Amino acid sequence: MQDKIRYHKYWLFSIAILILQLIGYTPITLGILAIAILPIASINEFIDKIKLVPLFIIFLLLSIVIGIYFSLINGLKIWNIMYWGQFYFLAFILLSIKNKHNAIQALKVCTYIIFFLDIMTNLLLWYGINVPWAEVTAIRPGESIPRLGGFKNSALYSGSITFITFCFIIQERIKHPISKIVIILFVILNTLLSGSYRYFIIVA
């Protein structure tokens with residue numbers, strides 16, 4: 001029973017990540033993420049990981065100083081929140097999570113939900129159906145197809161979430177090989193729909 005309760009804490013973490021991706025980086029969404037991470041984080045885990053690579057603490061301290069400096073100089077703008085928020089999330093919080101396997105499993109579910117929303121949006125746009133949260137971008141000079149931005153209306157984001165999905169899918173132990181092949185084909189299709197050349201190269 002205790003194991004189930006502990007695992008539910010990681011589902012809260014997944015929901016917080018999903019909210020962050022749907023709404024974007026703001027003080028509120030980052031605050032929700034911080035609250036969701038507190039039950040699954042440990043200062044002892046953080047210290048143990050620092051001990052493995054002692055020089056990493058210098059990197060973290062320098063990043064704090066640089067972050068404070070730019071905040072004082074430029075003010076707390078939206079791009080500052082996005083840039084530094086996700087940086088500190090990766091550098092500090094992920095380092096302190098107790099059970100990283102459970103965290104990855106929770107992130108998988110979050111990633112699959114976002115990918116589903118993304119490919120459905122791209123397919124609707126491809127079929128010429130207008131949706132209020134995204135639009136078909138103009139074809140760039142020298143290109144033959146438009147770059148569809150998915151549910152975030154960003155071709156780069158669409159390519160990124162598709163690539164992360166691909167990384168998760170190839171490691172999944174799916175009983176029916178055909179199902180896995182079909183999912184991978186959808187991943188490739190969404191990569192093509194996003195039109196991001198850098199992800200064409202990465203997936204290839």
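Phe115, Asp118, Ile119, Asn122, Leu123 and Trp126 of helix H6 meet Phe186, Val187, Leu189, Asn190 and Leu193 of helix H8. Contact here means heavy atoms within 4.5 Å. By class, this contact of H6 with H8 holds eight nonpolar, two polar and one charged residues. Ala, Val, Leu, Ile, Met, Phe, Trp, Tyr, Cys and Pro count as nonpolar; Asp, Glu, Lys and Arg count as charged; the others, Gly among them, count as polar. The model is predicted: local features need pLDDT of at least 70, side-chain atom pairs count only at pLDDT 80 or more, and totals for chains, interfaces and linings use all residues. Residues are numbered from 1 along each chain as its sequence is written, and side-chain values use heavy atoms, with hydrogens and water left out.

The protein contains nine helices and zero strands. Helices (H or I, at least four residues) and strands (E, at least two) are DSSP runs, numbered from the N terminus. Along the sequence the pattern is α-α-α-α-α-α-α-α-α. Of the 204 residues, 35% are buried. Buried means under 20% relative accessible area, exposed means over 50%, and partly exposed lies in between (1.4 Å probe, protein chains only). Among contacts between residues at least 6 apart in sequence, 68% join residues at least 24 apart.

Two packed helices are described by the angle between their axes and the distance between the axes. Axes are lines fitted to C-alpha atoms, for helices over the stretch in contact, and angles run from 0 to 180 degrees between N-to-C directions. H6 (residues 100-126) and H8 (residues 177-194) pack at an angle of about 55 degrees, and their axes are 10 Å apart. H6 and H8 are therefore oblique to each other. Angles under 35 degrees count as roughly parallel, over 145 as roughly antiparallel, 65 to 115 as roughly perpendicular and the rest as oblique. The crossing of H6 and H8 is left-handed. A crossing is left-handed if the near helix is turned anticlockwise from the far one by less than a right angle, and right-handed if clockwise.

H7 and H8 pack at about 160 degrees, with axes 9 Å apart. That angle makes H7 roughly antiparallel to H8. H7 passes H8 in a left-handed crossing. From H7, the contact draws on Ala155, Ser158, Gly159, Thr162, Thr165, Phe166 and Ile169; from H8, on Lys180, Ile183, Ile184, Val187, Asn190, Thr191 and Ser194. This contact of H7 with H8 has six nonpolar, seven polar and one charged residues.

The axes of H6 and H7 come within 9 Å and cross at roughly 130 degrees. H6 and H7 are therefore oblique to each other. H6 passes H7 in a left-handed crossing. Ile104, Leu107, Lys108, Thr111, Tyr112, Ile114, Phe115, Asp118 and Asn122 in H6 meet Tyr157, Ser158, Ile161, Thr162, Ile164, Thr165, Phe168 and Ile169 in H7. The residues of the contact of H6 with H7 divide into ten nonpolar, five polar and two charged.

Salt bridges were examined next. Side chains of opposite charge can pair when their charged atoms come close. A search of the whole structure finds three salt bridges. The criterion is a side-chain nitrogen of Lys or Arg within 4 Å of a carboxyl oxygen of Asp or Glu. Glu45 and Lys49 pair at 2.5 Å, N to O. These two residues are four apart in helix H3 (residues 43-52), so they are separated by about one helical turn. Glu45 is buried, at 18% relative accessible area. Lys49 is partly exposed, at 27%.

Lys100 also pairs with Glu45, at 3.3 Å, N to O. This pair links distant parts of the chain: Lys100 lies in H6 and Glu45 in H3, 55 residues apart. Lys100 is partly exposed, at 30% relative accessibility.

Glu172 and Lys108 form another salt bridge, at 3.5 Å, N to O. This pair too links distant parts of the chain: Glu172 is in the loop between H7 (155-169) and H8, Lys108 is in H6, and 64 residues separate them. Glu172 is partly exposed, at 24% relative accessibility. Lys108 is buried, at 13%.
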